[in-house]
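Please find below a short note on the structure shown here. The points follow in numbered order.

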Amino acid sequence: MKVLIPSALRSYTDSAHAEVDGATLAEVVAALDLQYPGIAFRMIDEQGRIRRHIRFFVDGQQVRDLAQAADADGELVIVQALSGG
Amino acid sequence: MSSPSAVTLLVATRKGAWLYHGDAERKTWRVDGPHFLGHIISHLVLDPRDGRTLLAAAKTGHLGPTMFRSTDFGQTWSEAARPPAFAKVEGGVGRSVDHTFWLTPGHASQPGVWYAGTSPQGLFRSEDGGDTWAPCSSINDDPRYLEWMGTAQDGTPDGPKLHSIIVDPRDPMHMYMAMSGGGVHESFDAGRSFAPLIDGLEVVEGFDVTQPTFHDPHCIRQCPANPDRLYQQNHCGIFRLDRPATRWRRIGGGMPAEVGDIGFPMVVHPRDPDTAWVFPMDGTAVWPRTSPGGKPAVFVTRDGGEQWQRQDAGLPAEQAWWTVKRQAMTADTQPSVGLYFGTTSGELWASSDEGAHWHCIARHLPDIYAVEVAERPAT
């Protein structure tokens, strides 16, 4: 699926756009990490929880469950709320 | 020193890292930075065993933590393949690292070994120069230690921190570590198990002094010239411990009453175990955590803490309300020992005569979190 990368994570991708596949959102994130090592841990903690300032939107709908199915023709938008002052 | 060495200051700030390369006289400093602009860098440390590997503990306000590594003294950086992370607990109830706070290179006989302390409080070990990290689960997941560590809501405002990881230069199995909410602890098996070392320390009035969870060590240093001697700046004063004794003794009583013996950093002399420095702060009432009276000063003892002398020549005489965080003050090992500290207002100060005179190296940096010395052969 197509993935829109937020600016704070483009040091990994060198691009605003990526394309990876997976049957679930967790698999999509894992595939992103295979392609861009280290990117997943900045978004998902070691307990498998989505980090506080990260939001995932699949085809315009916010997804809070990493087990949600992903559509190969869909679009994932990763949003990162700025924090830290 | 057997051969001349060059001093570089490794400055970690709330918005990135800077390296300040000193000339042979430590009078002029060439700035290199910012590195990782916008990242919160809690600690930047050189591996003294190879003189070129740097580790930087990093995060941003909106992304998870990571670790950056350089094997060419900061010319290029790469990200650690597996930064410190707690063991996964099924059901999503486990802890997650918010940030790595403290970095300590391992023993001279164990190249590649590093230790890290985090917030929430946890101990981590790397055996490959900081590229991959494993949790010291025997401590991190020990029910007794978990109780002493408390939660992210306990203690220090931006999260309790495991810090002051010390590896005995005589024995890689012998270690100390401290927790800002959890006390001082000692290990004889390279960090697999620890035991509290809190006798003689004080806690805030009304709390049980026998419970490690109420202890708040701020910074502990081991004397290179006498590794049996430890100095500690604690929430409740300045303390000293001479092993094999196990009872700390408060040595801050000689500080001026209007200054007190509260502060965060603790610095020891590289060759004289009777000499140490502190940077007091205002710990009265609501804990302003500023220089007492707006008059910053370093204090030195030359007799193991019996007496303390004020060292403020060159520092602002009044209306300076910054202070110095726990790993933001350090010393080099030059024949005339250099002292350095970074302030919460982004100033970097230096003395090349053991604190007698101070001058400002840099201003207008972000809030400085850590200052470390890197000494390498002069080129």
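1. In which sense do β21(B) and strand β22 (residues 298–301) of chain B pair, and over how many bridges? The pairing is antiparallel and runs over three bridges; strands are DSSP E runs of at least two residues, numbered from the N terminus, and two strands pair if DSSP finds at least two bridges between them. Within this pairing, Val278(B) stands opposite Phe299(B) in β22(B).

2. The model is predicted: local features need pLDDT of at least 70, side-chain atom pairs count only at pLDDT 80 or more, and totals for chains, interfaces and linings use all residues. Residues are numbered from 1 along each chain as its sequence is written, while chains are lettered from A and ligands numbered from 1 in the order in which they are written.

3. Strand β20 (residues 263–268) of chain B also pairs with β21(B), in the antiparallel sense over four bridges. Here Gly263(B) stands opposite Pro280(B).

4. Five of the five residues of β21(B) (residues 276–280) are buried, so the strand is largely enclosed by the rest of the structure. A residue is buried if 20 or more other C-beta atoms, placed from the backbone, lie within 10 Å of its own. Ala276(B), Val278(B) and Pro280(B) cover one side, and Trp277(B) and Phe279(B) the other.

5. Of the 379 residues of chain B, 53% count as buried. The C-alpha trace of chain B spans about 55 × 50 × 40 Å along its principal axes.

6. The contact between the chains takes 19 residues from chain A and 17 residues from chain B; two residues are in contact if their C-beta atoms, placed from the backbone, lie within 7 Å.

Terms used:
Buried ≥ 20, exposed ≤ 12 C-beta atoms within 10 Å, placed from the backbone.
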